[in-house]
Amino acid sequence: MESENIKIGDMLWVKLKGPTNDYGYGEVVEVFKTEKGNCFEFHCLINGGKRLGLEKDIINKHLYVLVTENEI
């Protein structure tokens, strides 16, 4: 199942909770719905392994976020 906004194969930046870095980047391998909203599983190239993300946690302006975090 795919949502209207997230498709299998999309490469996304996502805000994550738990890993050393607060973000992840990778290719979506599965999309599904939960009570919290649209979720997706992706292979994270930053932290390694498969991770879960919520559609609401997708980082749309990733360059702005990463530059801002590095300047602080």
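Is Asn-38 buried or exposed? Asn-38 is buried, with a relative accessible area of 18%; buried means under 20% relative accessible area, exposed over 50% and partly exposed in between, computed with a 1.4 Å probe on protein chains only.

The structure is a predicted model, in which local features need a pLDDT of at least 70 and side-chain atom pairs count only at pLDDT 80 or more, while totals for chains, interfaces and linings use all residues. Residues are numbered from 1 along each chain as its sequence is written, and side-chain values use heavy atoms, with hydrogens and water left out.

**Confidence**

The predictor's confidence in each residue is expressed as pLDDT, from 0 to 100. The protein averages a pLDDT of 82, and 76% of the residues score at least 70. Helices (H or I, at least four residues) and strands (E, at least two) are DSSP runs, numbered from the N terminus.

**The sheet**

An open sheet is formed by 4 strands in the order S1-S2-S3-S4, with antiparallel pairing. Strand S1 (11-15) and strand S4 (50-54) stand at the edges, each with a single partner strand, so one side of each is left without a neighbour in the sheet. From one strand to the next, the twist averages 50 degrees; axes are lines fitted to C-alpha atoms, for helices over the stretch in contact, and angles run from 0 to 180 degrees between N-to-C directions.

Two strands pair if DSSP finds at least two bridges between them. S1 and strand S2 (residues 23-34) run antiparallel and are joined by 5 bridges. The antiparallel pairing of S2 with S3 extends over 8 bridges, and a hairpin through 2 residues joins S2 to S3. Within these pairings, Glu-27 stands opposite His-43 in S3, Met-11 stands opposite Glu-27 in S2, and Lys-15 has Tyr-23 in S2 as its bridge partner.

**Asn-38 and the cysteines**

Asn-38 lies in strand S3 (residues 37-44). The side chains of Asn-38 and Glu-55 are joined by a polar contact of 2.8 Å, that is, a pair of N or O atoms within 3.5 Å; within protein, one must be able to donate a hydrogen and the other to accept it, and residues adjacent in sequence count only if both atoms are side-chain atoms.

| Residue | Relative accessible area |
|---|---|
| Asn-38 | 18% |
| Cys-39 | 9% |
| Cys-44 | 1% |

Cys-39 is buried, as is Cys-44. A disulfide is a pair of cysteine sulfur atoms within 2.5 Å, and by this rule the count is 0 disulfides.
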